[in-house]
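Open the model in your viewer and keep the selection tool at hand. We will go stop by stop.

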Amino acid sequence: MEYEPPFLESYKSLLQSSLGADVGIISDTRNDKSSMVERCELPLIDLCRLSDDHFEREECMKEIIGAARTWGFFQVVNHGVPQELLRSLQYEQMKVFRIPFASKSQKNFLNLPARSYRWGNPFATNLSQISWSEAFHMFLPDIAKIEQHQSLRSSIEAFASVVAPLAETLVHILAQKLNIKFSYFQENCSAKTSFLRLNRYPPCPFPSKVFGLLPHSDSSFLTIVHQDHIGGLQLMKDGIWFGIKPNPAALVINIGDLFQALSNDIYKSARHRVVAAEKVERFSVAYFFNPSKDAVIESQMMPSLYRKFTFGEYKEQTEKDVKETGDKVGLSRFLLHKQRTMTPQENFEQNAMSLSHLIIDAGIRTT
């Protein structure tokens with residue numbers, strides 16, 4: 001179809017080297033990326049409890065903090081984003097992605113900056129580095145520049161206007177656990193520093209060989225995702241991949257690298273991926289709560305695991321790694337000391353520290 005990115009043509013050499021001369025023929029001994037995946041029910045948190053009595057609010061906040069510590073992912077319902085708006089946005093997504101590839105891949109399409117439209121991985125050197133997906137990645141201030149597709153612009157702006165305060169509410173709760181003043185986020189983060197990404201995952205003729213989206217962790221403080229009913233989002237916990245069951249009424253929340261660094265690893269920025277599907281397409285939209293490029297990321301907890309860095313430094317390092325290796329390296333670039341296996345005594349002390357944090361949770365402030 002004329003709106004599909006030219007995956008087969010662009011990755012012909014990589015595909016042939018792995019699948020043989022005929023890329024339509026798939027070996028019977030496939031490395032199935034989903035064969036070792038467990039199904040999971042992410043923590044599901046009802047945010048209406050934040051407006052209930054004091055006890056319910058405290059319990060809800062504990063659940064949010066606990067999920068951020070153990071999973072790095074959770075789902076929320078009664079989140080304030082109308083289902084009608086989500087349906088409208090998905091409809092507009094479908095329309096814009098079905099514009100011919102020759103048009104949507106042009107520079108300044110939708111009057112957006114170059115590289116707003118993205119597909120695949122131009123730096124891939126093997127099949128495992130191919131992302132079988134396309135996306136519109138938008139800096140929020142640029143959305144106002146969309147002129148020819150007013151309904152798309154209206155849906156995106158409406159979505160951003162309701163998820164931005166949701167992100168701030170969740171960040172406020174998580175920041176209190178770290179004794180970080182919310183003014184830090186107010187000074188460094190806003191709708192003008194955040195991003196929104198529309199994703200489409202086309203049908204793939206060999207879904208066991210490539211990813212829909214490569215395994216990665218997000219470079220944000222917090223990410224809010226709405227996924228359709230198809231599924232395919234997976235996260236890693238304790239070395240095991242878990243498939244996240246779609247919940248039409250919920251939004252998926254995940255912790256990003258910046259919050260993991262700021263929290264000194266109390267919160268987990270879990271690696272996640274999207275698997276490719278053979279016969280169906282999948283849509284999702286993600287809101288990335290990001291700071292300005294000069295925002296300083298520095299944990300106040302001692303000893304700090306990461307050196308002080310700015311978000312701009314982090315992005316530059318990530319872009320360099322992707323160009324050189326085809327993949328994102330992430331937070332390990334900013335560790336003060338190389339990771340090593342902990343001794344039994346260190347494991348005991350780490351577990352004791354974790355327990356103390358859980359005890360502190362009980363006294364969390366609500367102001």
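Start at Asn179, which comes after helix H6. Its phi is positive, near 60°. Keep in mind that this is a predicted model.

**Helix H6**

Now select residues 150–177, which make up H6. How far apart are its end C-alpha atoms? They are 41 Å apart. At 1.5 Å a residue, the 28 residues of H6 should span 40 Å, so the two values agree.

**The nonpolar cores**

Stay with the side chains. The largest nonpolar core has 73 residues. Pick out Phe159, Phe185, Leu198, Phe221 and Phe259, which touch the most other members. Which helix gives the most to this core? H6 does, with 13 residues.

Zoom in on Leu198. Set aside its neighbours within four places in sequence, and look at what is in contact with Leu198. Leu89, Gln93 and Phe97 are among these contacts. So are Glu134, Ala135, Phe136 and Met138, as well as Leu152 and Ile156. Ser284 and Val285 are in contact with Leu198 too.

Another core lies apart from the largest one. Remember Phe242 for the next stop.

**The sheet**

Switch to a cartoon view. Look for an open sheet of 5 strands, in the order S1-S10-S9-S12-S7. Its pairing is mixed. Which strands stand at the edges? They are S1 and S7. Each has a single partner strand, so one side of each is left without a neighbour in the sheet. From one strand to the next, the twist averages 30°.

What holds paired strands together? Strands of a sheet pair through backbone hydrogen bonds, either parallel or antiparallel. Both kinds can be seen here.

Select S1, residues 38–40, and S10, residues 240–244. They pair in the parallel sense over 3 bridges. Glu38 stands opposite Phe242 in S10.

S7 and S12 (residues 272–275) run antiparallel, joined by 3 bridges. Find His216, which stands opposite His272 in S12.

**Last stop: Asp321**

Select helix H9, residues 311–325, and find Asp321 in it. Is Asp321 buried or exposed? Its relative accessible area is 1%, so Asp321 is buried, the cut-off being under 20%. Beyond its neighbours within four places in sequence, Asp321 is in contact with Gly326, Asp327, Val329 and Arg333.

Definitions and conventions: Residues are numbered from 1 along each chain as its sequence is written. This is a predicted model: local features need pLDDT of at least 70, side-chain atom pairs count only at pLDDT 80 or more; totals for chains, interfaces and linings use all residues. Side-chain values use heavy atoms; hydrogens and water are left out. Two strands pair if DSSP finds at least two bridges between them. Helices (H or I, at least four residues) and strands (E, at least two) are DSSP runs, numbered from the N terminus. Buried means under 20% relative accessible area, exposed over 50%, partly exposed in between (1.4 Å probe, protein chains only). Contact means heavy atoms within 4.5 Å. Axes are lines fitted to C-alpha atoms, for helices over the stretch in contact, and angles run from 0 to 180 degrees between N-to-C directions. A nonpolar core is a set of buried Ala, Val, Leu, Ile, Met, Phe, Trp, Tyr and Cys residues joined through side-chain atoms within 4.5 Å. The expected span of a helix is 1.5 Å times one less than its number of residues.
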